[in-house]
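Let's take a walk through this structure together. Keep the 3D view open and turn it as you read.

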Amino acid sequence: MDLLEWSDDIKTGIPSIDADHRDLLALTNTFLTAAEDQALMPQLAAILGKLIERSRTHFQAEERLLDQCSYPQLAAHQAEHAHLLTDIQQLHERFSQPEEDSRLTFETALYLQHWLLDHIIASDKPFRPFLMRLG
């Protein structure tokens with residue numbers, strides 16, 4: 001599995017958000033590495049749980065910032081955050097089911113390889129110009 005790399009392509013230029021994104025990227029890579037090393041389901045579930053909690057904290061902080069700046073697409077951004085959390089929580093819940101196997105690990109790894117970068121590029125980077133205009 002390919003690990004995610006930080007690059008200027010995903011940098012928003014907002015230090016607090018970029019720091020959070022780096023943390024989320026590192027946690028995602030922790031999961032991907034553990035999956036590649038064929039870690040046991042409870043270990044993978046624990047990593048995924050940390051990723052969910054860190055994502056939730058980041059989303060709340062990002063939404064607070066956007067709300068303070070009266071970002072016009074805040075409602076859509078919040079809805080996307082809620083959708084992402086629902087998806088990842090559903091995957092996490094499946095890790096406690098005994099009939100799940102390596103297919104779940106692969107499915108989760110594929111999802112994680114895309115969700116963060118896709119979200120940053122498609123949804124987070126577009127609010128940068130708006131925030132930069134505000135100073």
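Searching the whole structure turns up four salt bridges, a salt bridge being a side-chain nitrogen of Lys or Arg within 4 Å of a carboxyl oxygen of Asp or Glu. Before we visit them, a word on what you're looking at: this is a predicted model, where local features need pLDDT of at least 70, side-chain atom pairs count only at pLDDT 80 or more, and totals for chains, interfaces and linings use all residues. Residues are numbered from 1 along each chain as its sequence is written, and side-chain values use heavy atoms, with hydrogens and water left out.

Start with Asp 23 and Arg 54, whose closest N and O atoms sit 3.2 Å apart.

Now find Arg 56, which forms a salt bridge with Glu 53, with 2.5 Å between the closest N and O atoms. Why can these two meet within one helix? They are three residues apart in α2, so about one helical turn separates them. An α-helix has 3.6 residues a turn, so residues three or four places apart point the same way. Arg 56 counts as partly exposed at 22% relative accessibility, and so does Glu 53 at 44%.

Over at Arg 94, the partner is Glu 107, and their closest N and O atoms are 3.0 Å apart. Here too the pair links distant parts of the chain: Arg 94 belongs to helix α3 and Glu 107 to helix α4, 13 residues apart.

Let's follow α2 itself for a moment. Covering residues 41-68, α2 has 28 residues and reaches 40 Å from its first C-alpha to its last, close to the 40 Å expected at 1.5 Å a residue; that expected span is 1.5 Å times one less than the number of residues. After α2 comes Ser 70, with a positive phi near 55 degrees.

Time to look inside. In soluble globular proteins, nonpolar side chains tend to be buried together. The largest nonpolar core has 31 residues, and those with the most contacts inside it include Phe 31, Leu 48, Ile 88 and Trp 115. (A nonpolar core is a set of buried Ala, Val, Leu, Ile, Met, Phe, Trp, Tyr and Cys residues joined through side-chain atoms within 4.5 Å.) Two or more residues each come from α1 (15-36), α2, α3 and α4 (102-124), and α2 gives the most, with eight. A second, separate core has eight residues, among them Ile 14 and Leu 131.

Finally, is His 81 buried or exposed? His 81, in helix α3 (residues 74-94), is buried, at 1% relative accessible area. Leaving aside neighbours within four places in sequence, His 81 is in contact (heavy atoms within 4.5 Å) with Phe 59, Glu 62, Glu 63 and His 119.

Note on methods
Helix = DSSP H or I, 4+ residues; strand = E, 2+ residues; numbered from the N terminus. Buried < 20%, exposed > 50% of the residue type's maximum accessible area, 1.4 Å probe, protein only.
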